[in-house]
Each structure stands twice: as C-alpha cells, then as structure tokens.
Amino acid sequence: MFKKNKKMILLLITVMFMSIWLAACGSKPGTAASENNAATEAETQTEAPAERTLTDAMGHEVKIPANPERIIASYLEDNLVTLGVKPVAQWSVANGIQEYLQKDLEGIPTIAFDLPFEAVTSFNPDLIIIGSESVVEGEKYAQYSKIAPTYVLGDEINSDWRKTLLKIGEILNKGNEAQKALDDYEVKATEIKEKINTVTGGTKSAAAIWLVSGKFFIVSDNVSSGEVMYKELGLAEPEVVKEISANATGNWSSISLEKLAEMNVDYLFFVNSDEGTASEALKDPVWQSIPAVKNGNLFEFTRSRSWLYSGVQANLQIMEDIQSSIVK
C-alpha cells in the first residue's frame, strides 16, 4: 500500500513539474511577440513625421509642419509634381500658366506670380516656399510668415534645379524621393543622349529660339533648354549662342533676325508663342535664309511645351522633343 501511494505521489509531482515547465515554455513566444510589437510600435513612432525647425537661406528658423497639405510654392511646381505633391495654388502670369505641368496640376487654382498677400491668405496655406530672396525683400517676409511658415530657398539654390529639388525634398521630408527622382533622371538622360549621338555623331550643333509678340529670343547655354541641349545631351553650341550667353541678364535674350542668320546651326528648335497670328517675322527672307530653316531642320513647338522652364519634368519633356525631332 505504501509503495502504491509512493508511486502515486511521484507521478503527481512529475505531472506538476511538467505543467510548470510547459507553461513557462508556452509563455516565451507570447513575451517575444509582445517585445517585437513594442519595438515595432516604437520604431513606427520614431519614423512618423514630426514638426521640424529648418533654417532658410536668409537665416530664418522656420517651423515646418509635420504633414503640410496646403502648400504654395510659386514657380517651383515642377519640383512638387516630381515629389508627388499638389500645391493649393499654382503660379500664373497675365498670359498663362506652366502648361506643361497641367496633366498633374489641372484644376489647381492659380495665383499671381507676385503672390499678393490677400490672395495668399485666401488659400489658407500651411507652408509657403519662396524661391528668391528678392520676392520677400523689405517687410514682405514678415507679412508672409504671419500667414504661414515661410521658407526662402535663396538664389544660390534656386538657380540650380537639382539643388532646388533636393532642398524641397528636405523641407517636405521627401529627401529619398528627391534623390531617386534625380537618379532616374540621370539614367533617362544618358539613354536619350546615346540615341541622339547615333545620329549626330556628337558633332552637330543646335539652338533654341522663342518668338513672342513678333520678337525673337534665344536661350542662354546654362539654363532651361540651353542646359539640356549643351550640357545634358552634348549638342554643339554655336558661337552666336556663346557670345549672347556671356552677356545675358536673363534666361532668354533678344536676338535680331540678322544675328540669327549668322548661325550656321544644324538644328533649330523653335518655340512659337505667336502661333496662329500669321507673324510677319516668319515671312522675312532673312528668316528663310537661316541654314537650318533651308535644310528642313527647323522643329517647331508651342509654348505649351516645357522649353521655357527647368526641372525634372521640364527637362525630360525637352529631351523627348529633341529625340523625336532628330532620331527618326
């Protein structure tokens, strides 16, 4: 009898220890899962956007909202589109808007290029991004900053579209997206350049001219379509363009028909803002004598294309226009 009870006691003790051991083992995955969940939650909280303070080109300490949703960045919309951001209002002048961006900005209300305070206020922005210091000279910055946090890029950044994109990416907490957009751009630019070089051999020259209100203008070699032609795609720069660019005070400089006729240029890209008005300038014998015009290497575009602008969106469109013109 004693032996039987002893065996029963030993069995119960064994069962008790087994139960405790199994319970302990069973609790570990749950504990680990809880710890992992806590770590994931902490990491998510760390990565969540938060209000940041950034110093702009003028030394202002600007509190950037965590998730700005009503942005005004006049004449910087190319960068916003590249980053997948829609502004609350878009740049405009008396005779138009940036038509090449309208696939992405269609329906976005316009705001005058000089950003009147009343108009800015009416859009209730939560962030204003300004390109040049001159836009906020005098007391203007103080007035804009009362409406919403206002960040000034400054001329040094604003004059370089790559720096502009990266800085706006930083401001909007989209630095990775900005860098990827630039990397993708470089790949695409290289592809198009190689295709064009198969036709030009890397030696053909080009120039871009703009006709508006009966007057001709030529693009400088370091901005907009000039930068794309000469620096991105490696097309040769005519001496006339070099000469005008050296003394240019703006992106586009006035040029006479006689000066245009001096250019023995292989390809002439022509932005015609006078389309449909039967401009007398195009009937002039001097125009007809330009080599590219005589040789059938004149390629015409409307102002709705991006030849007057800069940025990832603008430049890629210009490259595609050049490729479709030259590469048959």
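The legends below describe close-up views of one predicted protein model.

**Notes for all views.** Local features need pLDDT of at least 70 and side-chain atom pairs count only at pLDDT 80 or more, while totals for chains, interfaces and linings use all residues. Residues are numbered from 1 along each chain as its sequence is written, and side-chain values use heavy atoms, with hydrogens and water left out.

**View 1. The protein chain as a whole.** The chain has 14 helices and 13 strands. Helices (H or I, at least four residues) and strands (E, at least two) are DSSP runs, numbered from the N terminus. Of the 328 residues, 42% are buried, that is, under 20% relative accessible area with a 1.4 Å probe, protein chains only. Among the contacts with a separation of 6 or more, 63% are between residues 24 or more positions apart; a contact means heavy atoms within 4.5 Å.

**View 2. The open sheet of 5 strands.** The strand order is β11-β10-β9-β12-β13, and the pairing is mixed. Two strands pair if DSSP finds at least two bridges between them. At the edges are β11 (252–254) and β13, each pairing on one side only. From one strand to the next, the twist averages 30°. Strands β10 (residues 215–219) and β11 run antiparallel and are joined by 3 bridges; F217 has S254 in β11 as its bridge partner. Helix α10 (residues 239–246) packs on this sheet, where it touches β9, β10 and β11, and its direction makes about 90° with that of β10.

**View 3. Strand β12 and its two neighbours.** Strand β12 (residues 267–272) is largely enclosed by the rest of the structure, because 6 of its 6 residues are buried. Y267, F269 and V271 point one way, while L268, F270 and N272 point the other way. On one side, β12 runs parallel to strand β9 (residues 206–212), with 6 bridges between them. Its parallel pairing with strand β13 (residues 298–301) has 4 bridges. V271 takes part in both pairings: W210 stands opposite V271, and F301 in β13 is its bridge partner.

**View 4. The open sheet of 3 strands.** Here the order is β3-β7-β8, with parallel pairing. The edge strands β3 (71–72) and β8 (150–152) each pair on one side only. Between β3 and strand β7 (residues 127–130) there are 2 bridges, and I72 stands opposite I128 in β7. Helix α5 (residues 140–147) lies across β7 and β8 and runs at about 135° to β8.

**View 5. Helices α8 and α14.** Helix α8 (residues 175–200) packs against helix α14 (residues 312–326) at an angle of about 20°, with the axes 10 Å apart. Axes are lines fitted to C-alpha atoms, for helices over the stretch in contact, and angles run from 0 to 180 degrees between N-to-C directions. That angle makes α8 roughly parallel to α14, a term for angles under 35 degrees. The contact residues include L182, Y185 and I192 of α8 and L316, M319 and I326 of α14. By class, the contact divides into 11 nonpolar, 3 polar and 3 charged residues. Ala, Val, Leu, Ile, Met, Phe, Trp, Tyr, Cys and Pro count as nonpolar, Asp, Glu, Lys and Arg as charged, and the others, Gly among them, as polar.

**View 6. Helices α9 and α14.** The axes of helix α9 (residues 224–232) and α14 come within 10 Å and cross at roughly 65°. Among the residues in contact are V228 and M229 of α9 and I318 and I322 of α14. This contact has 5 nonpolar, 2 polar and 2 charged residues.

Terms used: Parallel < 35°, antiparallel > 145°, perpendicular 65-115°, else oblique. Buried < 20%, exposed > 50% of the residue type's maximum accessible area, 1.4 Å probe, protein only.
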